[in-house]
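Have the picture open while you read.

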Amino acid sequence: MLAESLGLAKHFDEHQGNTSYVVFLTKYKAPENDEPHPGLKSHKDQNSLTILSQNHVDGLQVLTKDGQWFDIKPAPDSLVVILGEAFAAWTNGRLQPPTHRVVVSGTEARHTIGLFAGPRRGYLVTAPEELVDEEHPMAFKPYDHAEYDEYLHVHLANDDLDLKTFCGTGISA
Ligand SMILES: O=C(O)CCC(=O)C(=O)O
Ligand SMILES: [Fe+2]
């Protein structure tokens with residue numbers, strides 16, 4: 001749907017064929033006292049798309065453009081889809097990955113199942129030519145997502161690194 005809305009339907013098979021998937025099950029324990037506590041620090045997902053199913057315990061928050069944390073309260077049996085940096089690079093910055101975090105509160109544990117889709121090792125993520133023109137110069141150099149993961153891993157202590165610092169062209173996406 002996202003690819004179609006950007007006129008990229010013809011590239012979709014190539015994109016799909018170069019995607020790998022990982023599933024993570026996560027349990028966030030309820031806080032030991034009444035204070036909400038951080039479950040997962042503020043971040044952008046590095047992959048293409050994350051599809052998240054949670055139990056009835058909310059906790060996901062998204063940072064709005066005006067710097068407020070917004071609580072995500074999905075309807076029962078619905079899924080949350082989070083766009084990641086790789087998808088943003090593929091769309092030449094047309095879509096932006098949200099900054100999000102998890103804050104746990106209350107007395108029950110939060111459980112999630114996340115399907116993480118990301119570019120497979122060896123595939124160069126490149127914005128299709130349809131999305132690159134004079135008005136929209138290439139925002140990211142073609143990159144191998146596995147090498148980006150390694151770069152973040154090596155510089156684990158530095159929270160300021162992102163796809164722009166790894167392979168941004170200096171053009172604001
Ligand atoms: O558990 C959640 O609600 C979000 C998890 C998440 O953001 C992540 O694993 O990247
Ligand atoms: Fe995330």
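Where does threonine 169 lie? Threonine 169 is in the segment after α5; helices (H or I, at least four residues) and strands (E, at least two) are DSSP runs, numbered from the N terminus. Before going on, a word on the ground rules: this is a predicted model, where local features need pLDDT of at least 70 and side-chain atom pairs count only at pLDDT 80 or more, while totals for chains, interfaces and linings use all residues. Residues are numbered from 1 along each chain as its sequence is written, chains are lettered from A and ligands numbered from 1 in the order in which they are written, and side-chain values use heavy atoms, with hydrogens and water left out.

Back to threonine 169. With 35% relative accessibility, threonine 169 counts as partly exposed (buried means under 20% relative accessible area, exposed over 50%, partly exposed in between, with a 1.4 Å probe and protein chains only). Threonine 169 and aspartate 45 are 124 residues apart in sequence, and their C-alpha atoms are 20 Å apart in space.

**Around the ligand**

Aspartate 45 is also one of the residues around ligand 1, where "around" means that a heavy atom of the residue lies within 4 Å of the molecule. Others in that shell include Leu40, Val102 and Phe116. Which strand gives the most to this shell? That's β8, with three residues. The strands β2 (37-43), β7 (100-104) and β8 (110-119) each supply at least two.

| Side chain | Distance to an oxygen atom of ligand 1 |
|---|---|
| Tyrosine 28 | 2.7 Å |
| Histidine 43 | 3.0 Å |
| Arginine 110 | 2.4 Å |

On its own, ligand 1 has 290 Å² of accessible area, and the protein covers 89% of that (Shrake-Rupley method with a 1.4 Å probe).

**Rings that pair up**

Now for the aromatic side chains. Searching the whole structure turns up seven aromatic pairs; rings of Phe, Tyr and Trp (its six-membered ring) pair if their centres lie within 6.5 Å, and planes under 30 degrees apart count as stacked, over 60 as edge-to-face and the rest as tilted. Tyrosine 148 and phenylalanine 166 make a tilted pair, at 5.3 Å centre to centre and 35 degrees between the planes. This pair links distant parts of the chain, since tyrosine 148 sits in helix α4 (residues 145-154) and phenylalanine 166 in helix α5 (residues 163-167), 18 residues apart. Is tyrosine 148 buried or exposed? Tyrosine 148 is buried, with a relative accessible area of 1%, whereas phenylalanine 166 is partly exposed at 25%.

Most residues other than glycine have a negative phi. Aspartate 77 has a positive phi, near 65 degrees. Aspartate 77 is in the loop between β5 (69-71) and β6 (80-83), and counts as exposed at 83% relative accessibility.

Asparagine 92 has a positive phi too, near 50 degrees, and is found in the loop between α3 (85-90) and β7. Asparagine 92 counts as buried, at 6% relative accessibility. Its side chain reaches the backbone oxygen of proline 137 at 3.3 Å.

Key: A polar contact is a pair of N or O atoms within 3.5 Å; within protein, one must be able to donate a hydrogen and the other to accept it, and residues adjacent in sequence count only if both atoms are side-chain atoms.
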